[in-house]
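Reader: Hey, can you walk me through this model? I'd like to go through it bit by bit.

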Protein chains: 2
Amino acid sequence: MSAPVYINAYASVAGEKEGQGPLGSCFDRVVTDSHFGRDTWEQAETQLQLDTLSLALGKAGLSAEDIDLACAGDLENQCIASAYSMRETGCPFLGLYGACSTMAEGLITAALMTEAGIAEHSLALTSSHFSAAERQFRFPLSYGGQRTPTAQWTCTAAGAVILSRSSCGIRVKGGCIGTVADLGITDINNMGSAMAPAAADTILRYLSATGTAPEDYDFIVTGDLGIVGSSLLNDILLKQGTDISSVHRDCGMMIFDGSSQDTHCGGSGCGCGASVLCGYFLPALERGDAGNILFAATGALMSPLSVQQGSSIPAISHLIHLGKD
Amino acid sequence: MSAPVYINAYASVAGEKEGQGPLGSCFDRVVTDSHFGRDTWEQAETQLQLDTLSLALGKAGLSAEDIDLACAGDLENQCIASAYSMRETGCPFLGLYGACSTMAEGLITAALMTEAGIAEHSLALTSSHFSAAERQFRFPLSYGGQRTPTAQWTCTAAGAVILSRSSCGIRVKGGCIGTVADLGITDINNMGSAMAPAAADTILRYLSATGTAPEDYDFIVTGDLGIVGSSLLNDILLKQGTDISSVHRDCGMMIFDGSSQDTHCGGSGCGCGASVLCGYFLPALERGDAGNILFAATGALMSPLSVQQGSSIPAISHLIHLGKD
């Protein structure tokens with residue numbers, strides 16, 4: 001990027017189950033009340049966003065009035081978690097819908113807008129809530145439906161990143177806006193497979209455009225492909241002659257302990273990649289444990305209705321390249 | 001804007017009822033088949049977007065591969081109309097959710113990205129479909145529910161605008177990203193009132209930031225406030241000492257003949273403002289009948305679920321300033 005844009009501050013908040021997982025100690029806050037003190041799960045997700053934003057603003061020493069642009073979105077119909085959280089902040093707000101790719105989409109959009117000079121400080125914010133998502137996308141929780149082996153567990157979690165033009169430790173080094181890929185998957189419980197081709201396409205395009213190889217990065221991180229999707233991503237890339245297996249990490253595989261937490265193929269949801277980025281990878285960059293990462297979040301762009309109508313699941317992956325300055 | 005961005009080409013497509021309205025002859029194409037040749041209304045909306053994009057690309061002498069960035073969104077849950085249309089194009093795609101403000105949000109985002117140098121040609125695309133929207137937001141059409149006096153009629157329509165860096169007749173002169181406003185309206189059939197404060201706020205902020213007055217513009221256009229919302233907008237602004245009544249036009253009031261088409265307070269939906277912008281106002285700028293317009297599209301950011309839960313309706317308005325070069 002021509003005018004450098006930096007990560008000023010970031011925060012993550014996670015729910016009880018996510019707090020019991022291997023990364024429990026990485027999140028800024030773990031909240032055991034699934035309602036976050038509000039009346040409904042949908043309102044809880046708004047509160048989750050507000051809590052996460054508040055923590056990030058506190059770390060940056062800024063208030064909501066200092067944010068010139070907020071890029072936010074979530075999985076709820078009409079993205080209401082974000083609409084209601086942005087109502088509380090008063091920030092200029094671009095609503096995004098990228099499903100679980102939203103943190104990467106928000107980071108790219110906020111970074112480019114900041115680079116273009118319309119913002120001194122900008123925000124990328126996203127979240128997901130297990131209970132709100134499950135009943136919207138699959139079944140009412142009280143129905144107690146069986147989950148299939150390829151299913152993933154929508155995380156109750158959020159991440160917030162504040163980008164600024166003043167020099168800080170971590171710089172936005174590049175990005176790649178995704179195109180829609182569709183493998184023909186029609187099973188709403190196998191979204192990792194639906195999203196893997198999009199991640200492969202975006203990662204390959206970025207490596208090719210920058211003339212870099214997987215070994216140039218400490219980590220190539222995907223958002224929530226889970227076990228099946230991650231394996232497929234590695235297979236697709238190997239067939240194209242690119243081996244990312246030694247540097248690949250998937251937030252969906254990291255956030256839960258599959259053997260003890262009964263989460264099948266791993267975590268998912270906008271908040272999965274966002275919270276693991278803000279809870280694990282950004283601190284690693286800040287400490288100097290990593291110098292250079294690609295964060296390629298993936299989103300499955302179907303709706304329950306489109307799946308019921310027999311349409312296959314289109315997917316997208318946006319990528320952002322972050323590194324020590 | 002520092003590096004000028006231009007409107008290269010634009011197109012509009014509308015449904016049968018919109019084609020029978022006062023602007024029927026303005027649209028590039030009127031389609032009487034509400035299914036647009038597809039099996040479902042949701043798929044019809046995707047086809048509507050593809051048809052509109054195809055017309056705009058044809059006018060620009062470009063193909064989808066020439067589009068470096070597409071900014072698109074719609075009203076359907078998870079924005080599936082746009083996800084499935086973008087699957088056909090292969091364009092790098094930023095998914096937006098701004099409800100009926102989407103055309104302005106897309107124009108601002110695409111223009112700033114183009115100015116930032118990441119796109120030579122970019123696209124803003126949005127749509128709405130009466131039948132898909134009504135059953136999602138209100139009642140199944142076959143239920144035959146009574147519509148209340150403040151209700152508006154979701155338009156079956158779409159607009160596509162291609163922005164380019166090379167000089168064309170109409171230039172993007174500025175814009176304003178909205179903040180969320182909430183008047184406390186809880187009636188999903190009175191969205192004009194819910195959206196009017198957001199439009200007032202954004203218009204006032206733009207006039208103030210640019211040191212301009214309503215008389216500096218040929219038209220100050222709102223997207224779909226309808227009769228009730230437009231009246232409220234004028235009242236709010238008058239109380240702040242700003243009289244836009246002589247230059248104000250509302251696409252929702254223009255697209256239908258209220259006395260003969262039984263559309264109550266007028267048209268609504270992302271496609272309402274988008275199709276009237278592309279069918280009426282951009283041609284007026286191109287012909288020289290107008291030299292300078294503000295297009296302030298408004299979006300109501302609730303979901304049926306948030307309204308059922310008793311939450312009031314938050315709204316946003318994004319504004320773009322277009323004029324002869």
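This is a predicted model: local features need pLDDT of at least 70, side-chain atom pairs count only at pLDDT 80 or more; totals for chains, interfaces and linings use all residues.

Reader: OK, what volume does the largest pocket have?

Author: About 430 Å³. A pocket, on a 1 Å grid over the protein atoms alone, is an open set of points where a 1.4 Å probe fits, with protein on both sides within 12 Å along at least five of seven lines; lining residues have an atom within 4 Å of a point. The volume is the space filled by probe spheres set on the points, which are joined across faces, edges and corners.

Reader: Which residues are closest to its centre?

Author: Of the 19 lining residues, those are A:G175, A:C176, A:I177, A:Y206 and B:I118. In chain A, α4 (102–115), β8 (170–176) and α6 (191–210) each supply at least two residues of the lining. Helices (H or I, at least four residues) and strands (E, at least two) are DSSP runs, numbered from the N terminus.

Reader: Switching to α7 of chain A. How far does it reach?

Author: Helix α7(A), residues 226–239, has 14 residues and reaches 20 Å from its first C-alpha to its last, close to the 20 Å expected at 1.5 Å a residue. That expected span is 1.5 Å times one less than the number of residues.

Reader: And which of its residues are buried?

Author: A:G226, A:G229, A:S230, A:L233, A:N234 and A:L237. They cover an arc of only 135 degrees around the axis, so they sit on the same side of α7(A). The arc is that of the directions from the helix axis to the C-beta atoms. Buried means under 20% relative accessible area, exposed over 50%, partly exposed in between (1.4 Å probe, protein chains only).

Reader: What covers them?

Author: The cover includes α6, β9 (219–222), β10 (248–250) and α8 (251–254) of chain A. Take A:G226, which has a relative accessible area of 0%. Not counting residues up to four places away in sequence, A:G226 touches A:Q152, A:D250, A:M253 and A:C265, where contact means heavy atoms within 4.5 Å. Just after the helix, A:G241 takes a positive phi of about 85 degrees.

Reader: Which non-glycines have a positive phi?

Author: Among them are A:A99, with phi near 50 degrees, and A:H264, at about 55 degrees. Most residues other than glycine have a negative phi. A:A99 lies in the loop between β4 (93–95) and α4 of chain A, while A:H264 is in the loop between α9 (258–261) and β11 (267–268) of chain A.

Reader: Is A:A99 buried or exposed?

Author: Buried, because its relative accessibility is 1%. A:H264 is at 27%, so it counts as partly exposed.

Reader: One more: what does B:G271 touch?

Author: Leaving out residues up to four places away in sequence, B:G271 touches B:S127, B:S128, B:A157 and B:A158. Its C-alpha is separated by 4.1 Å from that of B:S127, 144 residues apart along the chain. B:G271 is found in helix α10 (residues 270–287) of chain B, and it counts as buried because its relative accessibility is 0%.

How values were computed
Residues are numbered from 1 along each chain as its sequence is written. Chains are lettered from A and ligands numbered from 1 in the order in which they are written. Side-chain values use heavy atoms; hydrogens and water are left out.
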